[in-house]
Amino acid sequence: MRKLAAILAGTGLATATWGFTELTRFQLHQHTLPLLPPGTLRGKPEFRLLHLSDLHMIPGQSAKIAWVSALDALEPDLVVNTGDNLSDQRGVHAVLAALGPLLQRPGLFVFGTNDYWAPRPVNPLRYLLGGKRTPSYIDLPWKGMRAAFLEHGWRDANQARHEFQVGHVRIAAAGVDDPHHNLDDYAAIAGAPNPEADLTLALSHSPEPRVLHQFAQDGYQLALSGHTHGGQICLPGGKALLTNCGIDTERASGLHDFEGMSMHVSNGLGTSKYAPVRLFCRPSATLLRITERVAP
């Protein structure tokens with residue numbers, strides 16, 4: 001019996017160690033989406049959208065800072081950040097260092113609850129049973145971070161609609177505040193996007209079906225979310241056990257369809273500082289290569 005206990009303890013320690021080392025094995029996912037009307041790009045091969053989410057920055061994460069800032073070499077036309085940037089009250093400087101040159105590019109953002117409030121220790125059993133965690137309500141310095149985003153020209157899509165142009169692509173975007181803890185108010189942004197837009201984007205930190213349904217009904221082409229961490233603790237092959245929200249485990253990360261609308265869920269670049277482990281679910285960012293539809 002003691003030998004079995006020792007084996008189990010050793011296996012658990014090895015698994016936890018491996019899960020910790022996975023935190024800095026960053027990956028770039030890429031997908032191609034033919035969403036633009038023919039002729040929009042005027043000879044350019046694609047519109048590059050870089051989707052970032054769930055940085056969960058704390059001081060000292062130099063590897064993450066270096067990897068994220070190097071994504072600028074992809075030359076994205078638009079950066080979309082779907083929230084949970086912070087995991088520490090001293091994390092804003094690290095967020096701005098990571099985003100660095102990307103802040104010089106056109107950007108949109110929405111926030112998650114871990115932008116507003118500090119994380120709290122996790123009860124593993126409650127997480128595994130799918131229970132929703134109550135926020136700590138300990139304020140994080142999100143206002144200063146938001147101000148920095150705005151000063152660099154990024155657009156705040158929390159409960160807002162935006163219309164703007166990047167190159168030759170006319171964009172209509174709308175977003176809600178984090179629906180996982182009912183901070184959203186879809187009525188404030190409801191309605192179809194401008195039909196003259198070439199690309200329509202829907203932003204929400206958490207991919208809650210009740211919100212995605214409304215975006216799809218209003219006719220948005222592409223929804224962008226994070227929050228799930230791709231399941232964070234997965235089975236081999238990246239099969240999620242939980243999503244920590246209303247979306248099903250089959251759509252915990254990656255590119256999927258939702259009621260005829262394309263939906264991308266990022267598995268994120270970080271974790272809560274109280275749960276620093278990933279299994280079969282490496283941290284990632286995604287480059288969406290948006291091309292023209294084939295003319296009929």
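Which residues have the most contacts inside the largest nonpolar core? To find out, select Leu50, Leu52, Val68, Leu71, Leu99 and Phe149: these have the most contacts inside that core, which has 29 residues. Keep in mind on this tour that the model is predicted.

Now colour the elements around them. Strand S2 (47–52), helix H3 (92–99), helix H6 (142–151) and strand S14 (284–292) each supply at least two residues of this core. H3 gives the most, with five residues. In soluble globular proteins, nonpolar side chains tend to be buried together.

Next, zoom in on Leu71. Setting aside its neighbours within four places in sequence, Leu71 is in contact with Leu28, Leu50, Leu52, Pro76, Leu102 and Ala285. A second, separate core of 23 residues can be found too; select Leu33, Phe164, Ala173 and Ile290, which are among its members.

Helix H2 (residues 62–70) is the next stop. Its buried residues are Lys64, Val68 and Ser69. Look down the axis of H2: these buried residues fall within an arc of 120°, so they line one face of the helix.

Finish with the open sheet of six strands, ordered S6-S7-S8-S9-S13-S12 with mixed pairing. Strand S6 (160–166) and strand S12 (254–258) stand at the edges with a single partner strand each, so one side of each has no neighbour in the sheet. From one strand to the next, the twist averages 25°. Select Arg161 here and you will see Ala174 in S7 standing opposite.

Key
Residues are numbered from 1 along each chain as its sequence is written. This is a predicted model: local features need pLDDT of at least 70, side-chain atom pairs count only at pLDDT 80 or more; totals for chains, interfaces and linings use all residues. Side-chain values use heavy atoms; hydrogens and water are left out. Two strands pair if DSSP finds at least two bridges between them. Helices (H or I, at least four residues) and strands (E, at least two) are DSSP runs, numbered from the N terminus. Axes are lines fitted to C-alpha atoms, for helices over the stretch in contact, and angles run from 0 to 180 degrees between N-to-C directions. Buried means under 20% relative accessible area, exposed over 50%, partly exposed in between (1.4 Å probe, protein chains only). The arc is that of the directions from the helix axis to the C-beta atoms. A nonpolar core is a set of buried Ala, Val, Leu, Ile, Met, Phe, Trp, Tyr and Cys residues joined through side-chain atoms within 4.5 Å. Contact means heavy atoms within 4.5 Å.
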